[in-house]
Each structure stands twice: as C-alpha cells, then as structure tokens.
Amino acid sequence: MAKTSELLVQKWDTLHENGMFDLKRQYITRHESKATMPSRVLRYNDVAEEIHRLIKKCIAEKEGFRAYGSRWSMSNIAHQKDNMHQNNLMYLDLEILADDMHPDSEYEHENIFFFECGNTIKRISQKLNEYGKSLKTTGASNGQTIAGCISTGVHGSAFDTGAVQDYVVGLNIITGPNATDNVYLERHTKPSLNDAFAHRINAKVIRNDELFNAALVGLGSFGFIHGVVIEADDLFLLDRYVRKIDKNLALSLSKTLDFKNSEFKIDNEVDQNGKPSRPYHYKIFINPYVDEDQYVIEAMYKKPYQMAYPDPFSKIEKSIYKDLIYLLIKFSEKFPKSIPWFIKSLQKSILPEITKDEEKITATLYETFWDAGYKGPAFACSMGVAIEDSERALNALVKMTKAHPIPGIFAMRYVNKTEATLGFTKFHKTCVIEIDGIQWDKSDKIPSLEEYGTFMIEALQAENIPFTVHWGKSMDYAFPNLAQHMYGNNVDQWMKCRSWLLSEKMANIFSNDFLTTLGLDTYQNIPNDFIESLDKNGQPLHLIA
C-alpha cells in the first residue's frame, strides 16, 4: 500500500523564497515498492486510493487541500494554509499500447505518453529520449513538475508551438474522497485514449472540449491532477545563436515575427532562395535603464536529430545568456550588496559581451534548457500582450520602470495561442514581456514588489493595451477586477466548468487565497446537462462512462 508522511511544518516557502507562508501540514506520499507490487498500473491506482483517503480526512477536519510540485512558482498559487501535498515522489509513467488508442484518434501512437503528476520536465525528457522523442517545448529550465507547468501556463519562446499545456491531450483528475471521484478528461474533437484505458485507471471518461480547456490551466483548483497524457515530438536539435542587432530591427520582428522578409539573417540559416529561415525560438534582452542602439537577441533553429554533434554542456555552462535571473545574479556579484548601488550600476552598464561560447551551441531541447543556474531569492513578473502591441507595451513598462526603479532587466519571448480558457498566452501570438531579478526591500526610492506589480498593470491600462499575467509569477493579484479585465466572459465559463466538475464542498477544499483574491472561487449551481461527454462530431453520448 502507498504510504504518506505527515509533517507539521508551520511554514512553507517557494523555491525562490517568495514567502514565508503559514501551513499546518505537509503530506508526502510514496508508492508501494516495485518488488511488492510490480505492476505500474496497480501502483498508480493504489496511490490514487491514498489521495482519496487524504481528501476524506481534510473533509472531516473541514480543512483545505492542495497539491504542489517543485515550488517553482513565485506567486502564492500553490499555497494552501491547511494541508499541502508534495507530489515529487509520484513519478510513474504508464505504457501506452497501440490497443489503448481511441478509434477516432488522429495522434500517432508512438507519440502519446502518460506521466504521473510528480514527473519533472527533466525526468520526462530523459524518459522520452529512450524512445527517440522530445517534448515540444519547455520553460527556461527543467525542474518543474508536469502538473505544475500546465496549472500555471509555463512557456518557452517556441512561437509556432505554444506553451507546455498545449501538447497535453488527456488529464486524469481526482475530484473527491470516493473511488468514483476520478475522471479522465479529453477534448471530444481530439480524442487520444480509449475508454478501456481510462477504466484501467479507475476513471470515468468525459470528452468535452469546453471542460478540458477549462481544466487545462486550472490553477490547481479543479482537483488533484494525478496523470497527464502528452503528445511528444521526434527528437530534434536546436542551433542556438546570441547576437546584437539593431534595436529597431529587433522590435520590428517582435511585432510581426516575419523573419523571411526581414533584414535579420544568420549565416547558414537561410532557405534555398537565400531568404532568412524562420527560427523555432526568438528572445530579446533589454536593460531598461540604458537607451541602447542595439539589443541582444537569442535565436534558435530547429534541426533534425543526428548523433554527431559536439558535447554542448561545456558551452552551456559558460553561457551568460541562459536566463534572466542567472544573468542578474552574475551581474550583481560585481557590485556591493546595496540594491540602490546595483540599480545605479545598471543605469551605467550594458548587458555583458557575447562570448565565444554563445556564438553557436547545438543541443537537444533537453540539453539547451538544462538545470537552473540559480535557485536562491529572486523575483519575476511576466505580462502577455499581442505581438502587434509588443513595442508599445515595452515602452510603457520601461518608462514606468525608470520612474520606479527595481533591480531587474527585461526580456521578450513569444508563444503561440493556447486553447486553455484561462491560459495567459491567449493572443494569436503572445509576446511575453518579463522582468526578472533579485529580491529587495522597499525603501523611499524603491517600491515594493507588490507596488511594482500594480504599476505594471496601470502602465498598460493607461495605454489601453490588452494584457494577461503569468499565473506563476509575481504580480498584484488583488488589483480590482483583474481576472475579468484580462479574460472577460472566459472567467464565468471557467468557473461554471469548475462548479460542474466539483461539488460545492470539494470546490472549497481545493480553493486557496490566490483563487479568492482573484474572485475565481465563486461556486455556481450548474445543471447536470451543462457538460456532456461528446463524440468527435459533438453529439452527446448521454452516459458518462
């Protein structure tokens, strides 16, 4: 039988020390050993029974319950004051056979994989590598769990691919204390696995695009995500370049992503007509305190996998332009620990020179976005805008930051539109403008992080620029009507789907301060026929299997 450790911890914090937060109990559940229970499916189902038991205990004690992964989020989205379940020991993967595929599925069987919630991006990448496969995209590092990634909308800058949740094709969610409170969700228009597989993990099948898209970025509040089905790619390589280019060219590309007809060209990255190739990934680094004529950009080009390429790690380890937090920490090491002095230094300094190790690096996705270089105190704020608004939004945020300086620098990344109801990469092409840096204490000259988040929202509202915010990053989530301003009618649709899936008691169990602050915890009495399991043509199946 699966076993759970119960720890009375009093306090809990994020990986980047954005707390501390009050907490009564922390649970850690471990599977029965493989020697005792060889079947992975049986061990998977056995641990589900243990999660049901823990939920029943929370109901009896009238307390909340919330799962979390690697503590990567910098907001309080993962926190629940009563009971938190650490998922990092729940990392099974279940084999998908050809006979498990739905008869109407258009997915290739060899690309479909099932992972338990506690699997990290690193572990999943290693498993996929065994099959000659790769994730389609990741964030800038690999320590997050798959359930945590999709719950907050983790993304990279693969602008024709999407965010992590956009290659998820199935969700197994535990919704209550009873054995029957276990569902397997898919889109009805894109079924992947058949009913027999879902029944093997003791789950009821619901195929419905509306419900699936709402639960996909569920902010940890649609229940306990136990398993995730993903569609993988064939293993591929990325050729990574870091360059300085004209500022106007960099921002022009930001608004169009039209590389073929631009003046931006890298030797050997051209088509048969000599036109610039379209990158897989594009990113711009911006120091808001210096008005430079050139910006540092990062471009990556997707290539077929081949065995013969140099070991990339020696170059990746030396690379300055890995991620913003790492860059800021390396920069701050050159200066006294005084934050005002650090900001003053930023005002006089440009970004580091591009090193030879960054002229070109060839690596797989897994190797490119390797272990995080820094895991100490840090902050990050991210806002999404349509690419057409990217230059105006950057200008507004830079102007505001000069007026309210903080120890951070900006970057711009680009992501394809998500189908998730509250996915923050909601625009047809989203430009994610992020400022990352080191934590500081509020003073007369430096605003608090919450105040800075307020200033970010106000800066874009003043310019009438539609925006979203990254759910896992720092922001003023108490800003009036923030969720409705960003998502409009989608907020009500998301809450209706959550109310349909969960009982009112369970909706309260899976809520937290983050949800309440945003006004997303409202429960509605929804008729049973609001959501129906549908076939691929959208016809009701009437009976949820």
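Reply:
**A strand and its partners**

Strand E5 (residues 93–94) and strand E6 run antiparallel and are joined by two bridges. The model is a predicted one. Within this pairing, Leu-94 is the residue opposite Phe-114 of E6. E6 also pairs with strand E11 (residues 224–231), in the antiparallel sense and over five bridges.

How many of the five residues of E6 are buried? Five of the five residues of E6 (residues 112–116) are buried, so the strand is largely enclosed by the rest of the structure. In a regular strand, side chains alternate between the two faces of the sheet. In E6, Ile-112, Phe-114 and Glu-116 point one way, while Phe-113 and Phe-115 point the other way. The residues of both sets are buried.

Nine of the nine residues of E19 are buried, so E19 is largely enclosed by the rest of the structure. On one side are Lys-429, Cys-431, Ile-433, Ile-435 and Gly-437, and on the other Thr-430, Val-432, Glu-434 and Asp-436; both faces are covered.

E19 belongs to an open sheet of eight strands, in the order E16-E13-E15-E14-E18-E19-E17-E20, with antiparallel pairing. At the edges are strand E16 (361–364) and strand E20 (468–469), each of which pairs on one side only. E19 pairs in the antiparallel sense with strand E18 (residues 408–416), over nine bridges. In that pairing Arg-413 has Val-432 as its bridge partner in E19, and Gly-408 stands opposite Gly-437. Strand E17 (residues 379–386) and E19 are also antiparallel, with eight bridges between them. Here Met-383 has Ile-433 as its bridge partner in E19.

A helix lies over part of this sheet. Helix H6 (residues 247–256) lies across strand E13 (236–246), strand E14 (281–286), strand E15 (294–304), E18 and E19. H6 runs at about 130° to E13.

Helix packing can be described as well. Two packed helices are described by the angle and the distance between their axes. For helix H5 (residues 209–216) and helix H14 (residues 489–501), the axes come within 9 Å and cross at roughly 100°. H5 is therefore roughly perpendicular to H14. H5 contributes Glu-210, Leu-211 and Ala-214, which meet Gln-493, Trp-494, Cys-497, Trp-500 and Leu-501 in H14. Sorted by class, the contact between H5 and H14 has six nonpolar residues, one polar and one charged.

Two loop residues remain. Asn-142 is in the loop between strand E7 (133–134) and helix H3 (146–152). Is Asn-142 buried or exposed? Its relative accessibility is 5%, so Asn-142 counts as buried. Apart from its neighbours within four places in sequence, Asn-142 is in contact with Thr-120, Ile-121, Lys-122, Phe-369, Trp-370 and Asp-371.

Thr-36 sits in the loop between strand E2 (21–30) and helix H1 (40–60). Its relative accessibility is 56%; the cut-off for exposed is over 50%, so Thr-36 counts as exposed. The side chains of Thr-36 and Ser-33 are joined by a polar contact of 2.9 Å. From Thr-36 to Asn-111 the separation is 75 residues in sequence and 31 Å in space, C-alpha to C-alpha.

Definitions and conventions. Residues numbered from 1 in each chain as written. Predicted model: local features only at pLDDT ≥ 70, side-chain atom pairs only at ≥ 80, totals over all residues. Heavy atoms only, no water. Axes fitted to C-alpha atoms, helices over the stretch in contact; angles between N-to-C directions. Helix = DSSP H or I, 4+ residues; strand = E, 2+ residues; numbered from the N terminus. Parallel < 35°, antiparallel > 145°, perpendicular 65-115°, else oblique. Contact = heavy atoms within 4.5 Å. Nonpolar A, V, L, I, M, F, W, Y, C, P; charged D, E, K, R; others polar. Buried < 20%, exposed > 50% of the residue type's maximum accessible area, 1.4 Å probe, protein only. Pairing = 2+ DSSP bridges. Polar contact = N/O pair within 3.5 Å; in protein donor to acceptor, adjacent residues only side chain to side chain.
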